[in-house]
Amino acid sequence: MPTLNQQFQSQGFLVLERFVPAKACDALMLWAEALTSDFDYKGHPSIFQTTDQSKSSDDYFLESGDQISFFFEKDAFDEKGELKQDLFHSLNKIGHALHDLDPMFASFSRSKEMRELAAELGLEDHVLIQSMMIFKHAKIGGKVDVHQDATFLYTEPQSCIGFWFALEDATIENGCMWAAAGGHKTSLRSRFQRKEGGGTEMQILDEQPYDINSMKPLEVPKGSCIVLHGLLPHYSLPNTSGKSRQAFAIHTIHRDAYYPESNWLRRERKSLKGFEQSAH
Ligand SMILES: O=C(O)CCC(=O)C(=O)O
């Protein structure tokens, strides 16, 4: 019987069904909803309602690495700049330092079970660098294009690992993840980085297209954890169903890996903590 780590190394992902109790998922979703009610987006007109929308939202995004920041669905606003639905159902995600700044997300991220899982996968020297509460609300939740997480969290050598928690059942209808077993045994296609002088760019490293047809739906029940290798191409479709598909994702890197200054997400290196350390 292969170990968990052997399965992970050969498949590039692991599906751990019902890793988190349903109650903990419900508590996290309620907490996230409460956080959004504290978010006064009208107090940020320069970010969400300027004529130079792409520059100001780019800056807001680039500054979110060590913050709790809120991101809207692409179709959230009408042409007059008014939300088409209530604030909570307009949001795509919250990121990117929930695991360090928010006590509830910090304890979810650094549970005993996560410490044990990290140890089983030989990730004791990994630090948590990013977290996202991903809403994928019914009818409005957008697609996530096929990508490799190492594109966004580039290290040398490659060390990025994702832990994606289905806080609700994730099905084909509501936009589950898709990936191919063994898909991580491939090259890194691109790097998303800061441009000199401001903004971001996608640097192409390898033009080879992703083999989308080989990817299969990873339908999972509420509470499941999917562990993702940083080179594994994966995606999710829009949620056109009537059921939301909330998820929480954590990304880690090796504490000693080279992490370029040009990566979009900036964190003070010494502020990065592993699974064993609680920020609270
Ligand atoms: O939640 C999703 O649909 C996609 C998340 C994802 O791709 C990631 O966390 O890397």
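Residues are numbered from 1 along each chain as its sequence is written, and side-chain values use heavy atoms, with hydrogens and water left out. Because the model is predicted, local features need pLDDT of at least 70 and side-chain atom pairs count only at pLDDT 80 or more, while totals for chains, interfaces and linings use all residues.

**The ligand shell**

The ligand is surrounded by 13 residues. A residue is near a molecule if one of its heavy atoms lies within 4 Å of it. His 147, Asp 149, Trp 164, Ser 236 and Arg 245 are the closest. By residue class, the shell holds 6 nonpolar, 4 polar and 3 charged residues. Here Ala, Val, Leu, Ile, Met, Phe, Trp, Tyr, Cys and Pro count as nonpolar, Asp, Glu, Lys and Arg as charged, and the others, Gly among them, as polar.

| Residue | Distance to a ligand oxygen atom |
|---|---|
| His 147 | 3.2 Å |
| Asp 149 | 2.9 Å |
| Ser 236 | 2.6 Å |

The protein covers 96% of the ligand's 290 Å² of accessible area on its own. Such areas come from the Shrake-Rupley method with a 1.4 Å probe; for residues, only the protein chains shown count as cover. Helices (H or I, at least four residues) and strands (E, at least two) are DSSP runs, numbered from the N terminus.

**Aromatic pairs**

The count of aromatic pairs is 18. Rings of Phe, Tyr and Trp (its six-membered ring) pair if their centres lie within 6.5 Å; planes under 30 degrees apart count as stacked, over 60 as edge-to-face and the rest as tilted. Phe 61 and Phe 71 are edge-to-face, because their ring centres are 6.1 Å apart and their planes stand at 75°. Phe 61 belongs to helix H4 (residues 53–62) and Phe 71 to strand S2 (residues 68–72), so the pair ties together parts 10 residues apart in sequence. Phe 61 is buried at 17% relative accessible area, and Phe 71 is buried at 13%. Buried means under 20%, exposed over 50%, and partly exposed in between (1.4 Å probe, protein chains only).

Phe 105 and Phe 248 form a tilted pair, 5.0 Å centre to centre with 50° between the planes. This pair links distant parts of the chain: Phe 105 is in helix H6 (residues 103–109) and Phe 248 in strand S13, 143 residues apart. Phe 105 is buried at 0%, and Phe 248 is buried at 0%.

Ring pairs also join Tyr 60, Phe 61, Phe 71, Phe 152, Phe 192 and Trp 264 into a cluster. The charged end of Lys 93 sits over the Phe 71 ring, 5.5 Å from its centre. The charged end of Arg 191 sits over the Tyr 154 ring, 4.3 Å from its centre. This requires NZ of Lys or CZ of Arg within 6 Å of the ring centre and within 35 degrees of the ring normal.

**Two buried strand residues**

Gly 95 is in strand S3 (residues 91–96) and is buried at 0%. Its C-alpha atom is 7.6 Å from that of Gln 130, 35 residues apart along the chain. Ser 131 is in strand S4 and is buried at 0%.

Conventions. Polar contact = N/O pair within 3.5 Å; in protein donor to acceptor, adjacent residues only side chain to side chain.
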